[in-house]
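Subject: Structure handover

Hello,

Please look it over first; my notes come after it.

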Amino acid sequence: MPVSPDRAADGPAQQDPEDAKLLTLARSARARAGAVEGAAVRDDIGRTYAAATVDLPSLRLSAVQAVVAAAVSSGADRLEAVAVVGDAEALTEDDRAVLADVAVTVVLLADSDGAVRD
């Protein structure tokens with residue numbers, strides 16, 4: 001019997017290797033910066049970008065806003081997936097609006113260990 005690409009025959013959901021890469025990049029960005037959140041995106045041609053929350057007196061960006069800014073400033077105009085690692089249970093309205101601007105279709109929210117939330 002063939003195994004569904006989303007589930008192992010007798011175990012938990014299998015993760016797409018490209019999505020797993022995004023989670024690793026998001027976790028690394030968060031740890032490197034010692035930030036509240038880390039995020040990573042993949043553009044429509046497979047390039048990846050990572051960023052963490054920016055919390056300066058004169059500039060505040062969520063990790064999602066920071067990573068989208070990094071991707072767009074590098075020439076990406078369409079992003080297909082984002083991974084966000086941190087304690088938030090859901091994206092903020094501002095983050096959802098930013099992701100809609102760049103047509104993101106896959107959103108992975110994970111805890112600090114990289115475990116994806118349902």
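Predicted model: local features only at pLDDT ≥ 70, side-chain atom pairs only at ≥ 80, totals over all residues.

Four strands make up an open sheet, in the order E2-E1-E5-E6, with mixed pairing. E2 (48–52) and E6 are the edge strands, and each has a single partner strand, so one side of each has no neighbour in the sheet. From one strand to the next the twist averages 15°.

E1 (residues 38–43) and E2 run antiparallel and are joined by 5 bridges. One of the pairings is that of alanine 40 with alanine 50 in E2. The hairpin of E1 and E2 has 4 residues between the strands, and glycine 46 in this hairpin has a positive phi near 95°.

The helices

Helix H1 (residues 17–33) lies across E1, E2, E5 and E6, and its direction is at about 145° to E1. H2 lies across E1, E2 and E5, at about 140° to E2.

The buried residues of H2 are Ala63, Val64, Ala66, Val67, Val68 and Ala71. What do they pack against? The buried residues of H2 pack against E1, E2, strand E3 (54–55), strand E4 (60–61), E5 and H3. Just after H2 comes glycine 75, with a positive phi of about 105°.

In helix H3 (residues 93–101), the buried residues are Asp95, Val98 and Leu99. Viewed down the axis of H3, they fall within an arc of 95°, so they line one face of the helix. The face turned away from this buried side carries Glu93, Asp94, Ala100 and Asp101, which are exposed. The packing partners of the buried residues of H3 are helix H2 (63–73), strand E5 (79–85) and strand E6 (106–110).

In general, nonpolar side chains in soluble globular proteins tend to be buried together. In this model the largest nonpolar core has 20 residues, and the members that touch the most others are Val41, Val64, Val67, Val68, Leu79, Val84 and Leu99. At least two residues of this core come from each of E1, E2, H2, E5 and H3. H2 supplies the largest share, 6 residues. Apart from this core lies another, of 9 residues, including Ala26, Ala81, Val85 and Ala110.

Leucine 99 is worth a look here. Beyond its neighbours within four places in sequence, leucine 99 is in contact with Val64, Val68, Val82, Leu91, Val104 and Val107.

Arginine 42

The side chain of arginine 42 makes a polar contact of 3.2 Å with the side chain of aspartate 19. Not counting residues up to four places away in sequence, arginine 42 touches Glu18, Asp19, Leu22, Arg47, Thr48, Leu79, Glu80 and Ala81.

The loop between H3 and E6

Two residues of this loop are listed here. Alanine 103 is in the loop between H3 and E6, and its phi is near 60°, a positive value in a residue other than glycine. Most residues other than glycine have a negative phi. Alanine 103 has a relative accessible area of 29% and is therefore partly exposed, since that class runs between 20% and 50%.

Threonine 105 is also placed in the loop between H3 and E6. With a relative accessible area of 63%, threonine 105 is exposed, because the cut-off for exposed is over 50%. Which residues does threonine 105 contact, leaving aside its neighbours within four places in sequence? They are Leu79 and Glu80. Threonine 105 is 23 residues from valine 82 in sequence, and the C-alpha to C-alpha distance between the two is 8.4 Å.

Regards

Technical notes: Residues numbered from 1 in each chain as written. Heavy atoms only, no water. Buried < 20%, exposed > 50% of the residue type's maximum accessible area, 1.4 Å probe, protein only. Arc of directions from axis to C-beta. Contact = heavy atoms within 4.5 Å. Pairing = 2+ DSSP bridges. Axes fitted to C-alpha atoms, helices over the stretch in contact; angles between N-to-C directions. Core = buried A, V, L, I, M, F, W, Y, C linked by side-chain atoms within 4.5 Å. Polar contact = N/O pair within 3.5 Å; in protein donor to acceptor, adjacent residues only side chain to side chain.
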